[in-house]
Amino acid sequence: MPLPTTIRPARRDELSLLQDIERAAGRPFAQIGMEDIAHDEPPSLTTLAVFQQQGRAWVQANDRDQPVAYILVEWVDRHAHIAQVSVHPDYARQRLGRGLIEHVATWAQQHDAAGLSLTTFTEVAWNGPYYARCGFQIVAVDELGPEHRQLQSEEAARGLDRWPRACMRRALSGPA
């Protein structure tokens, strides 16, 4: 498949496509014994619309201008927190996720963010180790701000802490 090259804001009429991308991107979790994650439903259309309307949802579009990857960002303890980044498996290993992360890093600098953050599974190859290669570092729980701690509590309440999980941060001057 040709490498998509266009990062642009998500449009309201394609939010259901973002759900499809996330479902497809989640399927590999079943192969590593994380069935619940593989079958977890993506954010609702209402939730996605909030990100889109507030200018915090971007897509990587293919040569037909169809989304094949997306990223959502929220504010957590003054960090541009990556709430979700998903790449359709047909477009995996083409640096699309990294391109979206770097796009958000530029956006975050323009919005005076303290840095980038995310929460992730630390032992899943395409999660924690991948983000470490993108310049993110695990943050000790006692170094987290109150909003990051609250986010981790909410994730634990959803059962995500059944697998090793952590908050990671990156300075805005991190690797491109």
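**A tour of the salt bridges**

Begin by selecting arginine 162 and aspartate 36, which form a salt bridge (a side-chain nitrogen of Lys or Arg within 4 Å of a carboxyl oxygen of Asp or Glu) whose closest N and O atoms are 2.6 Å apart. The two residues lie 126 apart in the chain, arginine 162 in the loop between helix 6 (146-157) and strand 7 (165-170), and aspartate 36 in helix 2; helices (H or I, at least four residues) and strands (E, at least two) are DSSP runs, numbered from the N terminus. This is a predicted model, in which local features need pLDDT of at least 70 and side-chain atom pairs count only at pLDDT 80 or more, while totals for chains, interfaces and linings use all residues. Residues are numbered from 1 along each chain as its sequence is written, and side-chain values use heavy atoms, with hydrogens and water left out.

Next, select aspartate 40 and arginine 158, whose side chains meet in a salt bridge at 3.7 Å, N to O. Aspartate 40 sits in the loop between helix 2 and helix 3, and arginine 158 in the loop between helix 6 and strand 7, 118 residues away. Arginine 158 is exposed at 55% relative accessibility, whereas aspartate 40 is partly exposed at 37% (buried is under 20% relative accessible area, exposed over 50%, partly exposed in between; 1.4 Å probe, protein chains only).

Then move to glutamate 41, which forms a salt bridge with arginine 23, their closest N and O atoms being 2.9 Å apart.

Finally, select Arg8, Arg11, Asp13, Glu14 and Asp65, which salt bridges join in a network.
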